[in-house]
Amino acid sequence: EQRSGLVRAAIESIARVYWSSERVIACYGMGITQHRHGTENVRQIVNLLMLRGNMGKPGAGICPLRGHS
């Protein structure tokens, strides 16, 4: 809670939404990758998606958002 800056209720709320979803697409921007721990950030997003089988199935996966025109 302290490190995220979120209250426990907010963390539990998003966990319930994720748990009840059949398909999840995680979209992230450059702030995730251009961080000192960018590689680890993306790795953890992928790990979270894989935990629930949200990689490699239609309507699920990871979606990096880039600033290209």
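Helices (H or I, at least four residues) and strands (E, at least two) are DSSP runs, numbered from the N terminus. The model shown is predicted, so local features need pLDDT of at least 70 and side-chain atom pairs count only at pLDDT 80 or more, whereas totals for chains, interfaces and linings use all residues. Residues are numbered from 1 along each chain as its sequence is written, and side-chain values use heavy atoms, with hydrogens and water left out.

View A. A pocket is an open set of points on a 1 Å grid over the protein atoms alone, where a 1.4 Å probe fits, with protein on both sides within 12 Å along at least five of seven lines; lining residues have an atom within 4 Å of a point. The largest pocket has a volume of about 390 Å³, the volume being the space filled by probe spheres set on the points, which are joined across faces, edges and corners. Its lining consists of Arg3, Ser4, Ile14, Ala15, Val17, Tyr18, Ser21, Val24 and Leu48. Helix α1 provides the largest share of this lining, four residues. By class, six lining residues are nonpolar, two polar and one charged.

View B. A salt bridge requires a side-chain nitrogen of Lys or Arg within 4 Å of a carboxyl oxygen of Asp or Glu. The search of the whole structure finds one, formed by the side chains of arginine 8 and glutamate 12 at 2.8 Å, N to O. Arginine 8 and glutamate 12 are four residues apart in α1 (residues 8–20), which means a separation of about one helical turn. Glutamate 12 is partly exposed, at 34% relative accessibility (buried is under 20% relative accessible area, exposed over 50%, partly exposed in between; 1.4 Å probe, protein chains only).

**View C. Strands β1 and β2.** Strand β1 (residues 25–28) and strand β2 (residues 61–64) run parallel and are joined by four bridges; two strands pair if DSSP finds at least two bridges between them. Alanine 26 stands opposite isoleucine 62 in β2.

View D. The structure holds zero disulfides, a disulfide being a pair of cysteine sulfur atoms within 2.5 Å. The cysteine sulfur closest to that of cysteine 27 belongs to cysteine 63, at 4.0 Å, and is therefore too far for a bond. Cysteine 27 is partly exposed, with a relative accessible area of 49%; cysteine 63 is also partly exposed, at 27%.

Note on methods
Nonpolar A, V, L, I, M, F, W, Y, C, P; charged D, E, K, R; others polar.
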